[in-house]
Amino acid sequence: GVAMSGVVCDTPITSHDFLPTMLELCGIDGTSARPLDGRSMVSLLRNPDAIEPARAIHWHYPHYGNQGGAPSGAIREGDWKLIEWFEDGSIELYDLANDPGERTNLVLDRPEVADRLQKALGAWRRGVDAAMPRPDPEHEAKPEAR
């Protein structure tokens, strides 16, 4: 009785949105001393055409994954997505509206966007007190891990 059947919603969400959504659906107040990272998506479940306030979505992956992931962070703001690789500090910038496959790095073409997003990503990490990887002198970086 909450979600509409057979409907597609184009609003980007992230797994951080699951907890606040479930709390609202259960009628539980999610207020605490440590704020939730996500946003409830109940309004989108009820009306997929609802207009949600714009927001940036952040990812933090400070470790190596068993499926090949390398330490990195990312931010998506509108159609822009910036990825920061922690091993070497390199960044990538993509225009997802024109390049959904993330094939053309625009960091050199749009340095002002890259700089703004990198600063916003850093501010978000500081705000959530994100754990950052520490260099391991015993480890040799493997570029193919990306």
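These legends describe close-up views of a predicted model.

**View 1. Four strands make an open sheet.** The strands follow the order E1-E2-E3-E4. Their pairing is antiparallel. Strand E1 (56-61) and strand E4 stand at the edges. Each of these two has a single partner strand, so one of its sides has no neighbour in the sheet. From one strand to the next, the twist averages 10 degrees.

**View 2. Strand E3 pairs with strand E4.** E3 covers residues 80-85. Five bridges join E3 to E4, and the two run antiparallel. Look for Ile-83: Glu-92 in E4 stands opposite.

**View 3. Helix H3 lies across the sheet strands.** H3 spans residues 111-127. The helix lies across E1, E2 (72-77), E3 and E4. Relative to E3, H3 runs at about 65 degrees.

**View 4. A lysine sits over a tryptophan ring.** The lysine is Lys-81, and the ring belongs to Trp-59. The charged end of Lys-81 is 5.5 Å from the centre of that ring. How many aromatic pairs does the structure hold? The count is zero.

**View 5. Arg-103 sits in a loop.** This loop lies between strand E4 (91-95) and helix H3. Is Arg-103 buried or exposed? Its relative accessible area is 76%, and exposed means over 50%, so Arg-103 counts as exposed. Now find Phe-86. Arg-103 and Phe-86 are 17 residues apart in sequence. In space, they are 20 Å apart, C-alpha to C-alpha.

Terms used. Residues numbered from 1 in each chain as written. Predicted model: local features only at pLDDT ≥ 70, side-chain atom pairs only at ≥ 80, totals over all residues. Heavy atoms only, no water. Buried < 20%, exposed > 50% of the residue type's maximum accessible area, 1.4 Å probe, protein only. Phe/Tyr/Trp six-rings, centres within 6.5 Å; stacked < 30°, edge-to-face > 60°. Lys NZ or Arg CZ within 6 Å of the ring centre and 35° of its normal. Pairing = 2+ DSSP bridges. Axes fitted to C-alpha atoms, helices over the stretch in contact; angles between N-to-C directions. Contact = heavy atoms within 4.5 Å.
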